[in-house]
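Open the model in your viewer and keep the sequence panel in view. The tour below goes stop by stop, saying what to select and what is there.

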Amino acid sequence: MKKRNAFTMRSIRNKIILVSKLAGVLLVISYVVSTRLPVHPDISLLLWLGFVTLLVLGVDRLMGRFISEPVSGLNRAACRMAQLDFSAPCAVNTGDEFGELSASLNQMAESLQQAFAALEEANGKLEQDVAQKQRLLAERKELADSLSHEMKTPLSVIRAYAEGLQDEPDEARRQAYYQVIIRETERMSGLITTLLDLSALENGAAQLRPERFDFVDLL
């Protein structure tokens, strides 16, 4: 690869060496030609200086095309990437080291763009998960408040009938009180079971399994 690039223009070093050698050859040739012109030596010197000026401007133009312009393009692309702007790729296609660097920058920009897209998608999912968690917490709090309010009623009934048992001499009424206390206890137990089932579902300890059933039989 190195031997092949040594004789091609696919290297900045080769381009600079070629331009400098051509400039040196043209400089020597122009000097020889100017000294042999059938004009006054001062005029030939002026002609040679004019040719040297044009030669310097041409070399400067070639150096700008080979070095300055690609470096400016790479710098602009790097500045856009630093601002997280990957909309415009680096358009340096010189076929040398600058071109390879441009291709590497474009590949890095594509990878970063994909990474940022994946990160935004992950952030979106995370926001949805957080919103769902907050909604579940709000629903759980509302349900817990409702169950707490519902549990006050059977507790009050149990207390009232338990106090009534102390002073009730009639055995039939005492049995009725017992039935009310048992019924309200079962009701409160059902509310507690509902709260525990909700907690198990939220913690993943229990899973819902959908099943088909006859709605008429349920009614």
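A salt bridge here is a side-chain nitrogen of Lys or Arg within 4 Å of a carboxyl oxygen of Asp or Glu. By that rule, a search of the whole structure finds 2 salt bridges. Before visiting them, note that this is a predicted model, in which local features need pLDDT of at least 70, side-chain atom pairs count only at pLDDT 80 or more, and totals for chains, interfaces and linings use all residues. Residues are numbered from 1 along each chain as its sequence is written, and side-chain values use heavy atoms, with hydrogens and water left out.

**Stop 1: colour by confidence**

The score to colour by is pLDDT, the predictor's confidence in each residue, from 0 to 100. The protein chain averages 78, and 92% of the residues score at least 70. Confidence is lowest in helix 1 (residues 2-5), with a mean of 46, and highest in helix 6 (residues 215-218), at 84. Select residues 1-7: the pLDDT there is below 50, and the stretch has 4 contacts in the model beyond near neighbours in sequence. A contact means heavy atoms within 4.5 Å. Helices are DSSP runs of H or I with at least four residues, numbered from the N terminus.

**Stop 2: the salt bridges**

Select Lys125 and Glu121. Their closest N and O atoms are 3.7 Å apart, forming a salt bridge. Because they are 4 residues apart in helix 4, about one helical turn separates Lys125 from Glu121. Lys125 is partly exposed at 48% relative accessible area, and Glu121 is partly exposed at 49%. The terms are set by relative accessible area: buried is under 20%, exposed is over 50%, and partly exposed is in between (1.4 Å probe, protein chains only).

Next select Arg187 and Glu184, whose side chains meet in a salt bridge at 3.7 Å, N to O. Both residues lie in helix 5 (residues 171-203), 3 residues apart, about one turn of the helix. Is Glu184 buried or exposed? Glu184 counts as buried, at 11% relative accessibility, while Arg187 is partly exposed at 35%.

**Stop 3: the nonpolar core**

A nonpolar core is a set of buried Ala, Val, Leu, Ile, Met, Phe, Trp, Tyr and Cys residues joined through side-chain atoms within 4.5 Å. Select the largest one, which has 10 residues: Ile12, Leu74, Ala77, Met81, Phe86, Cys90, Val92, Phe98, Leu105 and Ala109. Helix 3 (41-82) and helix 4 each supply at least two residues of this core. Apart from it lies another core, of 8 residues, including Ile158, Leu165, Ile181 and Leu191.

Zoom in on Leu105. Leaving aside neighbours within four places in sequence, Leu105 is in contact with Leu74 and Met81. Then select Ser102, in helix 4 (residues 97-167). Ser102 is buried, at 1% relative accessibility. Not counting residues up to four places away in sequence, Ser102 touches Leu74, Cys90, Ala91 and Val92.

**Stop 4: the nonpolar surface patch**

Show the surface and select Val25, Ile29, Val33, Leu37, Val39, Ile43 and Leu47, which make a nonpolar surface patch of about 560 Å². Such a patch joins nonpolar side chains (Val, Leu, Ile, Met, Phe, Trp, Tyr) within 5 Å, from residues with over 30% relative accessible area and no salt bridge. Accessible areas come from the Shrake-Rupley method with a 1.4 Å probe; for residues, only the protein chains shown count as cover. Which helix gives the largest share of the nonpolar patch? Helix 2 does, with 3 residues. Helix 2 (12-35) and helix 3 each supply at least two. End on Val25, in helix 2, which is partly exposed at 46% relative accessible area.

Technical notes:
Patches are made of residues with over 30% relative accessible area and no salt bridge: like charges are joined within 9 Å, nonpolar side chains (Val, Leu, Ile, Met, Phe, Trp, Tyr) within 5 Å.
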